[in-house]
Number of protein chains: 2
Amino acid sequence: MTSGATTTQEVRALEWTNNRLRLLDQTLLPTRVEYHELERWPQVVTAITSMQVRGAPALGVAGAYAVVLAAQELQLLPLPEFREKLTHAATTISAARPTAVNLGWAVSCTMGAWDAATDTSQAIALFLAEAQKIEREDIEANHAIGEHGSALIPAGATVMTHCNAGALATAGYGTALGVIRTAWAQGKLKGVIATETRPLLQGARLTTWELTQAGIPTTLIVDSAAASVMRNGKVSAIVVGADRIAANGDVANKIGTYSLAVLAKAHNIPFYVAAPMSTVDLDTQTGDQIVVEERAAAEVSSPQGVKAAPDEVGIFNPAFDVTPAEYVSAIITENGAFTAPYSDSLQVGAKSRG
Amino acid sequence: MTSGATTTQEVRALEWTNNRLRLLDQTLLPTRVEYHELERWPQVVTAITSMQVRGAPALGVAGAYAVVLAAQELQLLPLPEFREKLTHAATTISAARPTAVNLGWAVSCTMGAWDAATDTSQAIALFLAEAQKIEREDIEANHAIGEHGSALIPAGATVMTHCNAGALATAGYGTALGVIRTAWAQGKLKGVIATETRPLLQGARLTTWELTQAGIPTTLIVDSAAASVMRNGKVSAIVVGADRIAANGDVANKIGTYSLAVLAKAHNIPFYVAAPMSTVDLDTQTGDQIVVEERAAAEVSSPQGVKAAPDEVGIFNPAFDVTPAEYVSAIITENGAFTAPYSDSLQVGAKSRG
């Protein structure tokens with residue numbers, strides 16, 4: 001597992017190289033594969049808000065490296081000013097998107113490395129080591145998630161997934177797609193049904209791109225076709241990622257996840273959430289406390305940048321929804337697959353964190 | 001009600017004028033309002049397959065006028081040849097789209113006017129009278145549907161609808177939107193939530209356009225947000241149209257309808273289907289016998305004409321789904337709102353047909 005970071009063949013959403021953050025611009029996929037080299041921390045914030053990088057674990061890694069970039073920029077300042085401006089940068093980076101817990105968590109972990117530093121250059125070295133540790137551990141976690149999740153997938157299965165919880169959403173390998181990759185490698189998987197995931201089409205643009213590159217047979221459907229595909233008996237299991245999991249097992253994830261969870265229950269299909277323990281937020285008691293980001297109206301009114309709705313219409317564009325724990329068959333983490341009651345099992349899972 | 005055809009203020013999807021079928025090209029809405037004047041029946045077939053005209057009742061009216069156009073084109077032929085070629089045209093028109101029952105029904109009604117004719121010009125006059133009767137009766141039916149449906153809507157309601165079952169989908173006024181228009185006129189309606197309806201965005205492009213033109217407050221959401229909007233208590237009722245209703249009450253309608261029906265049941269929200277009796281097909285016993293059209297992959301892989309998915313991915317693009325009768329709270333027709341058991345109530349409804 002420790003070799004995961006270097007041997008993985010999957011696309012990398014981001015990479016630390018030459019003291020810069022090299023980032024794949026996911027808004028251009030699948031038609032263009034283009035990387036940006038970010039030197040300044042506000043560029044990372046822009047990349048996050050514009051969704052050039054997205055996916056809770058990838059946001060965490062990006063946030064951690066943004067702290068390193070900020071520290072590099074500020075390193076010639078006197079220590080008190082360095083500390084003050086860096087804290088401001090960290091706060092801004094954490095707030096770039098509100099729903100995913102990993103962003104704030106990773107920024108806070110990285111800033112925590114501060115305590116052992118006596119000067120700014122030492123702080124930078126410690127921040128970088130911490131960011132690289134977060135990145136490496138995320139890839140390792142995803143491989144473990146793949147193993148634990150694949151054990152739940154029956155032979156000959158067709159798995160449905162929503163949005164993109166793949167290599168592109170993480171440091172590598174993926175969470176939900178980690179489960180799918182492992183099940184495929186173990187010869188258990190017949191194929192994948194990917195929902196396109198309006199408004200930003202991460203399913204169509206990212207998931208089908210990742211899976212077809214991996215040679216996994218993938219069928220794309222519009223989001224609203226999921227129910228009839230389930231009814232026709234074509235789905236063995238649903239596996240999705242998560243942006244934040246509350247202590248009681250409620251799951252915030254891409255808009256449409258809750259819809260699939262309710263439909264899965266109605267069709268007796270198991271509904272699994274795959275995420276690293278860093279996505280579990282024990283400080284959030286229930287899903288009611290999770291802030292759901294609302295994004296720009298144009299994402300809905302102008303699909304693919306082409307105007308489709310009259311100006312007079314109101315738009316409601318929540319980026320996420322919250323799936324109550326009762327709809328979740330298991331939460332698959334690097335420490336194992338946990339089942340209800342989650343208020344107990346997630347506490348146990350958190351304690352076994354490495 | 002008899003003045004419905006002339007007094008309605010709503011947009012007209014089609015109109016017979018100067019011995020031609022004048023047709024609003026709905027693929028261009030809402031950004032362009034453009035009419036085509038069709039002189040030849042194959043142009044109507046193309047308009048139907050390319051969805052310039054769509055919606056089960058509107059397809060019926062278009063099909064009826066296509067028979068008139070065909071008869072006009074063929075009128076100089078000797079009677080046996082006229083009859084043979086016209087029958088061929090009628091078969092082709094009926095087959096332009098397979099799922100909506102109204103198309104075949106209206107073509108068959110129009111061809112039925114034949115029996116009283118002794119020459120081709122008399123046949124044309126009879127076909128035209130029949131087509132105009134179908135058109136007029138559809139508008140009248142929709143006003144009656146509006147009355148019967150509005151009686152089911154509570155004061156202060158927010159109604160969710162899917163796709164477009166409005167003036168644009170019918171000869172005028174609309175079925176589901178007929179219910180909404182009447183409820184609004186009666187001061188009962190707070191507003192409408194319209195689902196965008198991928199892949200062709202009839203909700204975003206057509207329904208929000210119709211409703212905002214009528215001054216009805218409308219909020220547009222992506223299809224997959226419907227579940228969380230329901231959970232948040234924002235939906236009083238769901239009203240949709242239908243393309244074919246089987247004798248047992250199973251309903252074929254735009255893909256995503258079944259999804260909304262299952263979600264409505266899970267959230268204790270009434271789910272209504274509004275359609276004229278011409279959409280009820282007593283010859284189809286259950287939904288299992290309904291042919292569901294699959295449409296081009298590009299509708300999914302290139303939303304708004306912009307490529308979004310890699311070439312390697314498979315696409316499954318059913319245009320419709322079938323909602324089992326058990327999910328339908330009532331079927332609202334011009335002859336009243338019928339409830340389960342539909343195998344009884346729809347028979348009664350059909351017998352009271354005018």
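Which residues of helix α7 of chain B are buried?

Author: Take the ground rules before the answer. The model is predicted, so local features need pLDDT of at least 70 and side-chain atom pairs need 80 or more, while totals for chains, interfaces and linings use all residues. Residues are numbered from 1 along each chain as its sequence is written, chains are lettered from A and ligands numbered from 1 in the order in which they are written, and side-chain values use heavy atoms, without hydrogens or water.

Now the helix. The buried residues of α7(B) are B:A176, B:L177, B:G178, B:V179, B:I180, B:R181, B:T182 and B:A183 (buried is under 20% relative accessible area, exposed over 50%, partly exposed in between, with a 1.4 Å probe and protein chains only). Helix α7 of chain B covers residues 176-185 (helices are DSSP runs of H or I with at least four residues, strands are runs of E with at least two, and both are numbered from the N terminus). Eight of its 10 residues are buried, so the rest of the structure largely encloses this helix. B:G187 follows α7(B) and has a positive phi, near 75°.

What does α10(A) meet in chain B? Its partner is α10(B). Both helices span residues 257-266, and their axes come within 10 Å and cross at roughly 85° (axes are lines fitted to C-alpha atoms over the stretch in contact, with angles from 0 to 180 degrees between N-to-C directions). The two helices are therefore roughly perpendicular (65 to 115 degrees). On one side stand A:S259, A:V262, A:L263 and A:A266; on the other stand B:S259, B:V262, B:L263 and B:A266.

Step back to the whole interface. Chain B brings 47 residues into contact with 47 residues of chain A (contact is heavy atoms within 4.5 Å). About 4000 Å² is buried between the chains, and carbon and sulfur atoms give 68% of that area. The rule finds two salt bridges across this interface (a side-chain nitrogen of Lys or Arg within 4 Å of a carboxyl oxygen of Asp or Glu). B:E196 and A:R198 join their side chains in a salt bridge, at 2.6 Å from N to O.

Last, look at the backbone. Most residues other than glycine have a negative phi, and most peptide bonds are trans. Just after α10(A), A:N268 takes a positive phi of about 55°. In chain B, B:N268 also has a positive phi of about 55°, although it is not a glycine. B:N268 lies in the loop between α10 and β10 (271-274), and it is exposed, with a relative accessible area of 70%. B:Q304 is another non-glycine residue with a positive phi, near 55°. It sits in the loop between α11 (298-301) and β12 (314-315) of chain B. B:Q304 is partly exposed, at 26% relative accessible area.

Cis peptide bonds occur as well. One joins A:A340 and A:P341, with omega about 0°. A:P341 is in the loop between β15 (336-338) and α12 (342-351) of chain A. Another joins B:L29 and B:P30, with omega about 0°. B:P30 is in the loop between β2 (20-24) and β3 (35-38) of chain B.

Terms used
Parallel < 35°, antiparallel > 145°, perpendicular 65-115°, else oblique. Buried area = accessible area lost by both parts, 1.4 Å probe.
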